[in-house]
Amino acid sequence: YNPILPGKNVSQMIVNTKSSKDTESILLDYENKYEHIFPNALVRFKQIDYQAVDAPVAITLKGEDRNELLAAAEDIKKYMCSMDSELKWVHSTADNFMPSVRIDLDEDEASRLGINKALLSLSLSGTFNGQTIETLWDGDTPVPVNLYSESVTDSMDYSAIGNTMVSTMVPGLSVPLRQVATVTPDWSAVTLEKRAGEESVTIFADMKYAQSQPSAVKKIKRYINNNIKLPDSAGVEYGGLTKINATVAPEILWTFLAAVSILFIFLLFHFKKASLASLTLIMSSLCLFGASLGLVVFRLDFGLTAVLGLISLVGIIVRNGIILFEYAEELHFKEGLSVKEAAMKAGARRMRPIFLTSCTTALGVLPMVIGGDMLWQPMGVVICFGTLLSIFLIVLIMPVSYWQIFKKYDKE
């Protein structure tokens, strides 16, 4: 739950449902029916998840020329709006505008009176924004006391801005603003975004229910690379879940490699053969087919919990490999069977324990798969599908691999 900043123009409600299915039905029914039901408001429906981002899709354009960035951002936004089957709530930091006043300084007149932009800005800021001259304390709460010009009222009209007196470099002399500057009505963006001192515009989008964020970002990247021409000084950054995944992915990869390395050390200690330990780890890659199939069937992304499930799955496959290869080694070296006979007999004899242990593991994570929890379902799917499919691959491929690799021992 990510609370939003309070304001008069925004509200946030949390709706509790009785089950995950009820949540799904509400999202599927409400997000299209009520999202634009109010002309002057945007109703956003979102399931509470474990994503520490305000919007899953975020593209930031950075550069020196704001006008060029705005034009490119508008093209990207139009394309993202066309992806209405995947994306919703497409908006940018340059969407909202407010009425403002444009002040163009008359350089000649201002120079004669010793007025520059900094002095003019300071004078107008003190007049319209007020100057804090004191702070009172209401218990532990500070209350600022601001001094405003008497001409600033809620009912002041546009002409009053030009009549505002501004200070000059001459002591005691003030002149009307219209004498040193041209005052014209204008519209300006509510947010002028800058990052690292550069002009920037960010386009955001939310995902529709059960849609893949990586797939949508790939399409947006392809469109930007092929259709958006930015100047050399400008650049594109991808935030949201893409940035988080890019940060977390190397850490997950190193953790996975560390787990595999520890497994290899244990296998080497157990078999006392680097070739057999390596074969067992290589055969554990057979679980990738089942894990990938499960994620595709359930339309899930390969996230953090899916990686945890994959690490657990590798451990399960390695255990099955130990059961099979250890018995094959015993048949070959203690009972004197050939490598081929030992491999085939080990595959036949160890099929039952491998099948039973794998099925119990798959059934054990079935509640995680059926429950539909966004955090734990990918882990359950990876373990369940990877284990079930690897049963057949293990009993078929592992004995044959053992025979083909170690058949030279028969000749020796």
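The second largest pocket is lined by 15 residues, and R66, L70, A94, F97 and A189 are the ones nearest its centre. The model is a predicted one, in which local features need pLDDT of at least 70 and side-chain atom pairs count only at pLDDT 80 or more, while totals for chains, interfaces and linings use all residues. Residues are numbered from 1 along each chain as its sequence is written, and side-chain values use heavy atoms, with hydrogens and water left out.

**The pocket**

A pocket is found on a 1 Å grid over the protein atoms alone; it is an open set of points with protein on both sides within 12 Å along at least five of seven lines, and a lining residue has an atom within 4 Å of a point. The second largest pocket has a volume of about 220 Å³, where volume is the space filled by probe spheres set on the points. Elements giving two or more residues to its lining are α2 (66-82), β8 (181-189) and β10 (198-207). Of these, α2 gives the most, with six residues. Such helices (H or I, at least four residues) and strands (E, at least two) are DSSP runs, numbered from the N terminus. By class, the lining has eight nonpolar, three polar and four charged residues. Here Ala, Val, Leu, Ile, Met, Phe, Trp, Tyr, Cys and Pro count as nonpolar, Asp, Glu, Lys and Arg as charged, and the others, Gly among them, as polar.

**Helix packing**

Two packed helices are described by the angle between their axes and the distance between the axes. Axes are lines fitted to C-alpha atoms, for helices over the stretch in contact, and angles run from 0 to 180 degrees between N-to-C directions.

| Helices | Angle | Axis distance |
|---|---|---|
| α7 (213-227) and α8 (241-271) | about 105° | 10 Å |
| α8 and α11 (304-333) | roughly 15° | within 11 Å |
| α13 (351-364) and α15 (377-406) | roughly 170° | within 8 Å |

The angle of about 105° makes α7 roughly perpendicular (65 to 115 degrees) to α8. Q213, V217 and K221 of α7 make the contact (heavy atoms within 4.5 Å) with L241, T242 and N245 of α8. Two nonpolar, three polar and one charged residues take part in it.

With a crossing of roughly 15°, α8 is roughly parallel (under 35 degrees) to α11. From α8, the residues I252, F256, A259, L263, L267, H270 and F271 meet L304, V307, L310, I311, V314, V318, I322, F325 and E326 in α11. This contact divides into 14 nonpolar, one polar and one charged.

At roughly 170°, α13 is roughly antiparallel (over 145 degrees) to α15. In α13, M351, I354, F355, S358, C359, T361 and A362 meet I383, C384, T387, L388, I391, I394 and V395 in α15. The contact of α13 with α15 has eleven nonpolar, three polar and no charged residues.

**Backbone angles**

W89 is not a glycine, yet has a positive phi of about 55°; W89 is found in strand β2 (residues 87-92). K272, also a residue other than glycine, has a positive phi near 60°, and K272 is found in the loop between α8 and α9 (274-283).

How values were computed:
On a 1 Å grid over the protein atoms alone, a cavity is a set of points where a 1.4 Å probe fits but cannot get out, and a pocket is an open set with protein on both sides within 12 Å along at least five of seven lines; lining residues have an atom within 4 Å of a point.
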